Structure formats: structure tokens, C-alpha cells
Amino acid sequence: MADASLMADMAVPSSTSSTPPKASSAVAHEAPRNAQPVQPLARRRYALEIRQHMPWRWQALILAAALLAGFAISAAILIAAGVPADELANEFVMQTFFDGQNFRAVLFQAAPMILVGLAGCVAFRARFWNLGLEGQMIWGAIGATAVSMWQIGPENLRLPLMFIAAICCGLLWVLGPAWLKLKLGVNEIISTLMLNYMAANFLLHLVYGSWKDPKDNFPYSPQFRLFERLPELGAGIGSSILLAGVVALLAWWLASVSRMGLYLRFVDANPRVAHASGVPVRRTIYGAVLLSGAMAGLAGFAVAAGQEGRLTQAFYQGYGFSGILIAFLARNNPLAATVVALLVAALFVTGRSLQVFYQVPFSMVQLIQAVIVVCVASSDFFIRHRLRRVGGEAVQ
Amino acid sequence: MPNALELTGIRKSFDGFAALTDARFSARWGEVHALLGENGAGKSSLMNIAAGLYAPEAGQLLVDDNPVRFTGPRDAAKHRIGMVHQHFKLVRPFTVAQNILLTAPPPAEFQSHGERLREITRDIRNKAAELGFDIDPSKRVDALSVAEQQRVEILKVLLAGARILILDEPTAVLTDQEAARLLQTVQGLARKGAAVVLVTHKMADVKTYADRVTVMRGGRTVATLQPSETSVAELVKLTVGESIAAQGFQPPAAPRGPVRLSVRGLRTPASPEGRRVLDGVDLDLHAGEIYGLAGVGGNGQGELAGAIMGLEGEPTEGEMRLEGHGDLKTMPASVRRSIGIAAIPADRYGLALAGGLSVAENYAIGRVHTGCYGPVWRLRRNRIQSDTQEAVRVFDVQGVRSVAQKAALLSGGNAQKLVLAREFGKSPMLVLAHSPSRGLDVRASAEVHARLRAARDSGAAVLLISEDLDEVLQLADRVGVMTRGRIAGEFAQPADRQAIGQAMVDHG
């Protein structure tokens, strides 16, 4: 109903509307937020209003409804793809969380996922749209691998050195876009995204070239030595999940306890007010963005040293999108991001088993992620707007 | 001659603040009718009612002697009323023709978009030729100068069919030659039978171009006169009110101290038309004094405030020496705040408060850098909370149920009190107050004024920038008048109100 009323407004541009006349149909879905269209619908008139404030109970209810809708659509797609309906619950809930081996797989998968999700949260809190998580992740892995390749430092310091190298490389890869944005106003969405391709091609250059494992001819680096790999904590659980947990706590502390958290809230709420109130806006943005790059670099480290044990050619794929999605669904809250990342990891693991048992392509996982994001993003519309009967009471 | 437009007994208030109490106005067909008054006199509000933007709380609106009721600008356009706003309502990336098409009345029969655009382009060319405007309809608006954009606005309302033309401060952004050309053009429109309302504060324009003038003051209509039979001095007197020099003025307890801020030759870069928003500001601000900067809005006050606060778009020439700290220009905004420059900006939710954040956060942000709320790695929330509660109580901020509530839920006056609580919480060395009592009721204004006096008496240098002459005269120990980006005159208290009013409206 709301969409229809927006369309109606587009057809008759009002004097204050900024809709381009030549593209009225193409932009109908991205209607201006402040429009108050009026639509005659069987002699009733409705207006769309901006809602100042909504009680959090209602917000939670709307969010839950959106998630339900997302799950329902995803289920419908999976059933259409050939997964029996009665198996869905079993595959997604029972097999994933209540089967020991699968649950370990989820944790294994979750560590880099949590790290990229946190990287997204921290950057987005500073209104910096870091779409270069994959590139920073690749560089993190390259940095860690370089320490292993060149055998820098004694054996017992090797892993910490790899850790530091990963942080520094990820951080440096995002420094350029941050500087370009703050100094020259270059849009970081473009710069960070494009740098992903540079990083990915450089990775291919390495694994097909000088860093190729001499033992066989596959495109990956030589296997890390045992002391260069993240140890197991026991019971088959890797220490990378512990690392991710610690980073999540640090991110939560930064956002909620530290002074920088307050600065970030002001930068996020209104950069002009922040600047005028004495918040060091530039330093805050630099800090958050570099931290984001460092976390993404750590995610690369977690994959290379915690999962693969070497540098491979496609380890990063899908993490960039997942990181953005996790941060978005978690509303940039680090603790919520950890939970969401676990769920996304579960989706990945389930997706792999669906692939094996039902021949469902793995890209279905990304489709499901996208469906859920679209549903949650749409729910925002109902949180921010209300439909009001003109001259009457609010409808919703 | 019949009245084209008549407004009687109009009342309108915003957030409980009465902008118009008993305003009336009438314009006849074929005349240029000037509406004169200080900022905040209610001129723009009254004309926004005539243009259908605001609905009056009481009073009547007549077009051609018939009562009408508008629910929006479209209704007003149907009655052939068109308004050119002070801040242009143009879509900058669109061409002139596209902008005009947006507000043009819908065609009688179906036309493709291309046909419409071609027809509008033809209409624009014809109308522009008729008025002597040189406008290329296919040019993008952001490629036009300010004067050209204004011509587009005028073409827009005329092509939408307006015969009652309201121009809100049309010459404020123009050079003298451009202004003369514009006013001759609108005079020509009136001679051909249109009704033109000229909202202005410039006496010279009124004397030269207006057939009649209505003066407003404090939301009321004071008089309607023939400019040819009225002297400029009389008009000034009617505009600024009777000479009650320095009413409520309280001189400082102690003599003023040394110069704390010395501004020399402050200039912003010139626009393509050669205008500078700040054009050589020279100003000495002493410790322990309130320097009141009066002037009509838009003469560079906002930019001067921004330059002192350290906002972006700072002047490129000149210097601002702060006693003991050197030139302010090289100092980031955050450092300026930490050395004790307090600021009460005019744009409360654009510069002072983050509406989406809590009252406590908005209070704490002013002092958090001193470390009084814990070290960098830890904010002491309890202390912030108790301090905010205390400040809310001391500064009497009403409507705070909890300090965790959003600042956007506060009313204008209470939001301002929150800003004051934050800025005056520490003792500042320099206070910048820009229109600090705008939109506040009498009691809240009095409290704001008391705080400014207290800051002065404790040794701070206070720069009060205000478009409200009453406020300046009540508070300031010295008065400066800002016109066209410079200080046009300085007056010691008790100052002659008429002389200040005259300096405010003199240009060049």
C-alpha cells in the first residue's frame, strides 16, 4: 500500500519534489524520505509521514516480522530448489547447532566471519563505507604468509609476528582510501571497492608466481609450519574463535565504554555538530577506519593461519559481502555482530551440507543472505514512517 | 483600484512563540508594495501565509476581495500567487527548463515529456525576452550565478501563472547594479497590471521603487504609507521602534580588561561576481565586555561566527589573534574548544546538539576531552549522569524526564538551555553567542541574557551576534554594526538607536 502511494506521488511531481521528470518510473523505488504523498484510494486519502520515535517493543516486533518474512522467502526458494520441506528445520537447526561436529564447523567458520563483521561495524560507525574488507583481508593473509615465507623471527615469536604483520598490512591497505576521503573528498565506496581487485590480482600473482608451493603445482603457498598455525584449544575447537571473541570484546569496549565511543556516536549522528562541539572528527574517523582495516587483516590471518594453513587463491570470497551484511543486521553493535556472524557461519556450514546432500548450489547461501538483508532493510521503512489517513487517525 | 491580495488579523505562532499577533497587509493590482521590517518582524512569516506555506491560526486571506483558504503552495498558485524565496528553491543539478517544468501547471491534454520540455523551453525564451533576461533554458542551475538563479525563480513563478508576485529579500544577494535591474523589471511587471510585494529592509529600494510601503514590527503591522511622502528617518523610526535608548542595559561591574581577541582584515574568497561574504572584518574584543554585533541577517554574521568557532569554509585572508594563543586560524576546532572558547551557535540542531543522541551525551561532549569523565579508555557514565542531572537542574532545563532521552525531544528554549549548561559549565575565556535567544520566550531569553552578563562579569570576552536590535542594546557594552561583510560602524553605550538602525540599512 505504501509503495503504491509513493508511485502515485511520482506520477504527479509536486512543486517541492526533486524527482527528475525524465526518470520518474526508474526512481520510483527510491522515493525521497521526506515526501508526503497523498493518494486517493476509493475516496480515502493517505499520507506518508516521518515517524519521530517508535517504542523499542514495536521496533523489535517489526524486525522480527521482517526476519520471519526473510526466512519464509528463503525456505520457499530452497523448497523450489529441491530441498524437502520437512528436512529444512532439521538441516538448519538440529544438524547445525546440536550436532557436535557441525557445531565445531560453525565455530571454525565463524572466527573470520566475526572479524570482518566487526571490521564493518567499526568503520560504519564513523560513516565510512568500507567495502574493501576483502582487499584488507587478502593483505592481512599476505602479510602473515610473508613472515612465514621469509622465516622472520625465532620460532616462538613467529605466530605473534604473523599476527602483527596481518594487522599492519590490513591497516595500510585502507589508509589510502581514508586519506583520499578526508583530504580530497574521494568517495570511499569506490576507492575501497576497486582496491579489492588490485589486492585479489596481486594475490593471484603471488600464488601462481613466486610464492607457489614447489612441492606440487597447485596455486597456493607452501604449508605453514606447525608453530606458524593457530593452535587448537582442545575438543577440536581452534583458537581463532577465541581471538575473534577477544577482538569482539575490545570492539564492544571501544564503542560503548571508551571516550572514542562517544566521539564516534557524535560523528555518526552529525559530523558538523561533532566538529563544532570539539570532537576531533578527523582523528576519530582515521582511528575507526584504520582499526577496521586491521580487523579485516586479522580475518585474513585467521583464515590463513587458522583454517587453510597457507595462502590460497580464493579464501576471501564472500567475506566482504558477509561483513557488510553482519554489520548492517547488527546495527553496528559489536556484540550483536558476533551473534549474527555465528548465524551467518551456520548458514555457510548448512549451505555446504545442502550442496552435498541435495545438489543445491552454494551461491544459494548468498541468495538467502541477500533476501534476509532486503527484508530487514525494508522493515526500516515501517520503523521510520507511518501511514496516516488524512483527517483521520494513524493507520499504522 | 481593487485589492489583489489582502490579509487581515493574521495570527501565527511557532512552538508557542508568537511570530505574528495582529498582522494585516493589502496590495493592489498594478503597484509595487514594499513590506518593511527588521529580521523577526514577521514579514516572511506573513508572506509565507499568503503563499500557502503556513496556515494562519486566525485571520482572513482575500484574493480579489474573495475569502480564500490555502492548504499548500499549489492552492496559492491556483489563485495566481507566486513567491520567490530568499533561499532559492531550485534543483541544482537540473537544467533551467527542467526546474520550471516541475512547477508548471499540468497540460490540458496529453503531451510526451519531450514535447512538454520543448514547449516550456519556448515559453521560457519568450518570457525571458519580454523581461529582458538573458537565460539559456538548457543550462544547469548550478552553473548559473546567484542573480541568474533568481531570474529563473522569477520566470518559474510567472510561467506558473502568477500575477501576484511576492519577492522575499530579493536584493540581499545581489550587487547594486543587479539589484537595480531586478527592481526595474518588477516595477515594469506592476505597470503592466501585476501586484508585486517586495519584502525588504532596504530604505533606498523602498524610496525608489515602491508605490506604497507597509511597516511591520514585532509581529504587528505598524503603518502603511506613501514612500514619496515619508522621510527615510521616519521609516527607520517606524521600523526599529521608539527611541528608548539602552532600556534594561546594565553596565559591567568592573572596567573592561585588555584586548582578548583581535580580528584584522578577515576576508573570504570572492565569488565569481566579485562579492565577498566577509570583506575585511576588523574587530577588537576586550576581556570583561559584551560586544554586540547588530546587523541585518546575511551580511556575514554566520561566517564570522563560523570563523571564530573553526568551522569549515574559513576565511582565507586576515588574522584572529587570541590573547596568549596566537592566531586562531591555525588552531583546530577541538583545540579552540579546549582552551575555553564557548560557542552558542544560531543553528541549534545543525551545530550545537546532536538530536539523535541523549541529553547526557550532548552535555558530556563539551567537557569529556578534559578527562573529567574518566581517562581515554573509560567513560564514567555515573559521573556524566549525575553532572547532567545537576546541570539540568541548575539551568532549569524543562522536559527532561531522563537524561538518557533524546535531545531532539526538547523544545527550542530548553534545547538552548542545555547548550548554555554545557558551554558555561566550565568558565570560558571567550563566548560566542549567535542569536542566542531566537525563538525563546521572554523568561528563557532573560535567563540567557543573565548568563551572558555573568560570563562577562567573570572576565570572559563575549561576542554577541544578533539580528535583534533590542537584544543587542540591552546586553552590549559596545555595539558594532555589520553590513556587507564588514563592521560598518561602532557605537558606545548608551547608543543612539536611530543611528544604529540607519547604519544597518545603509549600504555602500
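Into which domains is chain B divided? The answer is domain 1 (3-240) and domain 2 (259-505), with bounds that come from an automatic or database domain assignment. This is a predicted model, so local features need pLDDT of at least 70 and side-chain atom pairs count only at pLDDT 80 or more, while totals for chains, interfaces and linings use all residues. Residues are numbered from 1 along each chain as its sequence is written, and chains are lettered from A and ligands numbered from 1 in the order in which they are written.

Back to the two domains. The C-alpha centres of domain 1 and domain 2 of chain B sit 33 Å apart. Across the boundary, 17 residues of domain 1 of chain B are in contact with 18 residues of domain 2 of chain B (contact means that the C-beta atoms, placed from the backbone, lie within 7 Å). On the domain 1 side, helix H8 (residues 232-240) of chain B gives the most, with 4 residues. Helices (H or I, at least four residues) and strands (E, at least two) are DSSP runs, numbered from the N terminus. Sorted by class, that side of domain 1 has 6 nonpolar, 7 polar and 4 charged residues. Here Ala, Val, Leu, Ile, Met, Phe, Trp, Tyr, Cys and Pro count as nonpolar, Asp, Glu, Lys and Arg as charged, and the others, Gly among them, as polar.

Now for the two chains. Chain A brings 22 residues into contact with 34 residues of chain B. Two elements of chain A give two or more residues to its side of this meeting, namely helix H9 (259-269) and helix H10 (271-276). H9(A) gives the most, with 5 residues. The chain A side splits into 11 nonpolar, 7 polar and 4 charged residues.

Nonpolar side chains tend to be buried together in soluble globular proteins. In this model the largest nonpolar core has 259 residues, and Leu115(A) and Leu464(B) touch the most other members. Such a core is a set of buried Ala, Val, Leu, Ile, Met, Phe, Trp, Tyr and Cys residues joined through C-beta atoms within 7 Å. A residue is buried if 20 or more other C-beta atoms lie within 10 Å of its own, exposed if 12 or fewer, and partly exposed in between. Leaving aside residues up to four places away in sequence, Leu115(A) touches Ala244(A), Val247(A), Met295(A), Leu298(A), Ala299(A) and Ala302(A). Over in chain B, helix H1 (residues 43-50) is mostly covered, with 8 of its 8 residues buried. After H1(B) comes Gly52(B), with a positive phi near 85 degrees.

Chain B also holds an open sheet of 4 strands in the order E12-E11-E14-E15, with antiparallel pairing. Its edge strands, E12 (279-286) and E15 (326-327), each pair on one side only. Pairing requires at least two bridges found by DSSP; strand E11 (residues 259-267) and E12(B) have 6. Val263(B) stands opposite Leu283(B) of E12(B).

Most residues other than glycine have a negative phi, and most peptide bonds are trans. Asp64(B), however, has a positive phi near 55 degrees, in the loop between strands E4 (58-63) and E5 (66-68) of chain B. Asp64(B) counts as partly exposed because it has 15 C-beta neighbours inside 10 Å. Arg484(B) has a positive phi too, of about 50 degrees, and is partly exposed with 18 other C-beta atoms within 10 Å. Finally, a cis peptide bond with omega of about -5 degrees joins Gln493(B) and Pro494(B). Pro494(B) lies in the loop between strand E20 (486-492) and helix H17 (497-505) of chain B.

Technical notes:
Contact = placed C-beta atoms within 7 Å.
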